[in-house]
Amino acid sequence: KPVRVVVSFATGGTTDILARYLSQKLSESLGQPFIVDNKPGAGGILGNDIVAKAAPDGYTLYLLQPGVSINPPLYGKVPFDPLRDFSTIGKIGDSTTILVAHPGFKANNMRELIDLSKAQPAGVSYGTSGTGSIVHLAGELLKQRTGANLVHIPYKGGAPAIADALAGHTPLAFASAASVQNHLKS
């Protein structure tokens with residue numbers, strides 16, 4: 001039967017693109033269908049829960065994100081145990097987190113961003129792939145260390161957050177470098 005590859009973020013983001021690439025290569029190599037199943041929401045908890053409850057028969061795979069270990073301390077009770085409910089096959093790669101801005105944003109560097117955010121009572125909003133994601137925690141760390149007045153806008157994945165930043169709906173987005181590299185080049 002087909003192998004289900006669960007992705008806990010929306011289509012078009014780094015994890016989704018990687019899952020689709022790997023699924024295609026595994027399918028070609030093993031002659032077995034691999035189907036990507038996007039289950040975004042709740043900072044990855046929805047996808048984590050699906051995989052944690054799946055039969056341990058090798059027909060459900062998951063591109064595990066750091067959120068699986070971040071969710072319990074962040075949310076308290078979650079419907080899975082990160083140590084008990086997942087078995088690691090291997091590491092696929094690393095990702096670099098960057099902060100990007102809409103081209104019309106008034107700040108051109110970090111100092112200007114911090115000053116601008118502090119001067120605006122409502123702050124400056126930034127989009128991420130969701131609450132509890134690594135990129136969300138990067139934004140919170142920036143706020144904590146600099147006193148910047150930043151407002152988190154969670155999305156169900158990196159692609160929608162980046163799309164809104166490109167369209168100017170949110171001035172900033174924290175994202176993986178891989179997910180924005182083509183936009184930065186253009």
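Trainee: Is Tyr 75 buried, partly exposed or exposed, and why?

Mentor: This is a predicted model, and exposure in it is judged by relative accessible area: under 20% is buried, over 50% is exposed, and partly exposed is in between. Tyr 75 has 34% relative accessibility, so the residue counts as partly exposed. Tyr 75 is placed in helix H3.

Trainee: Which residues form a nonpolar patch with Tyr 75 on the surface?

Mentor: The patch is made up of Leu 74, Tyr 75, Ile 134 and Leu 137, and together they have about 300 Å² of accessible area. Two helices, H3 (67-75) and H5 (134-146), each contribute at least two of the patch residues.

Trainee: What comes between strand S5 and H5, where Ser 133 lies?

Mentor: A loop joins S5 (124-128) to H5, and Ser 133 lies in that loop. Its relative accessible area is 6%, so Ser 133 is buried. The Ser 133 side chain reaches the backbone oxygen of Gly 130 at a distance of 2.7 Å.

Trainee: How should I read salt bridges, and how many are there?

Mentor: Side chains of opposite charge can pair when their charged atoms come close. Here the count is 10 salt bridges. One of them joins Asp 37 and Arg 4, with the closest N and O atoms 2.6 Å apart. That pair links distant parts of the chain, since Asp 37 sits in strand S2 (residues 34-38) and Arg 4 in strand S1 (residues 3-7), 33 residues apart.

Trainee: Which residues are linked with Asp 37 in a network of salt bridges?

Mentor: The network links Arg 4, Asp 37 and Lys 39. Asp 37 and Lys 39 meet at 3.8 Å, N to O. Arg 4 is partly exposed because its relative accessibility is 31%, and Lys 39 is partly exposed with a relative accessible area of 29%.

Trainee: Which residue forms a salt bridge with Asp 85?

Mentor: Arg 84 does, with the closest N and O atoms 2.9 Å apart. Arg 84 counts as exposed because its relative accessibility is 61%.

Trainee: How many helices and strands does the protein chain have?

Mentor: The chain has 7 helices and 7 strands. Read from the N terminus, the order is β-α-β-α-β-α-β-α-β-α-β-α-β-α.

Trainee: What radius of gyration does the protein chain have, and with what does the value agree?

Mentor: A compact globule of 186 residues would have a radius of gyration near 16 Å, and the chain has 18 Å, which agrees. Its C-alpha atoms fill a box of roughly 55 × 40 × 25 Å along the principal axes. Of the 186 residues, 39% count as buried.

Conventions: Residues are numbered from 1 along each chain as its sequence is written. This is a predicted model: local features need pLDDT of at least 70, side-chain atom pairs count only at pLDDT 80 or more; totals for chains, interfaces and linings use all residues. Side-chain values use heavy atoms; hydrogens and water are left out. Patches are made of residues with over 30% relative accessible area and no salt bridge: like charges are joined within 9 Å, nonpolar side chains (Val, Leu, Ile, Met, Phe, Trp, Tyr) within 5 Å. Accessible areas come from the Shrake-Rupley method with a 1.4 Å probe; for residues, only the protein chains shown count as cover. A salt bridge is a side-chain nitrogen of Lys or Arg within 4 Å of a carboxyl oxygen of Asp or Glu. Helices (H or I, at least four residues) and strands (E, at least two) are DSSP runs, numbered from the N terminus. Buried means under 20% relative accessible area, exposed over 50%, partly exposed in between (1.4 Å probe, protein chains only). The radius of gyration is taken over C-alpha atoms; the globule rule is 2.2 Å times the number of residues to the power 0.38. A polar contact is a pair of N or O atoms within 3.5 Å; within protein, one must be able to donate a hydrogen and the other to accept it, and residues adjacent in sequence count only if both atoms are side-chain atoms.
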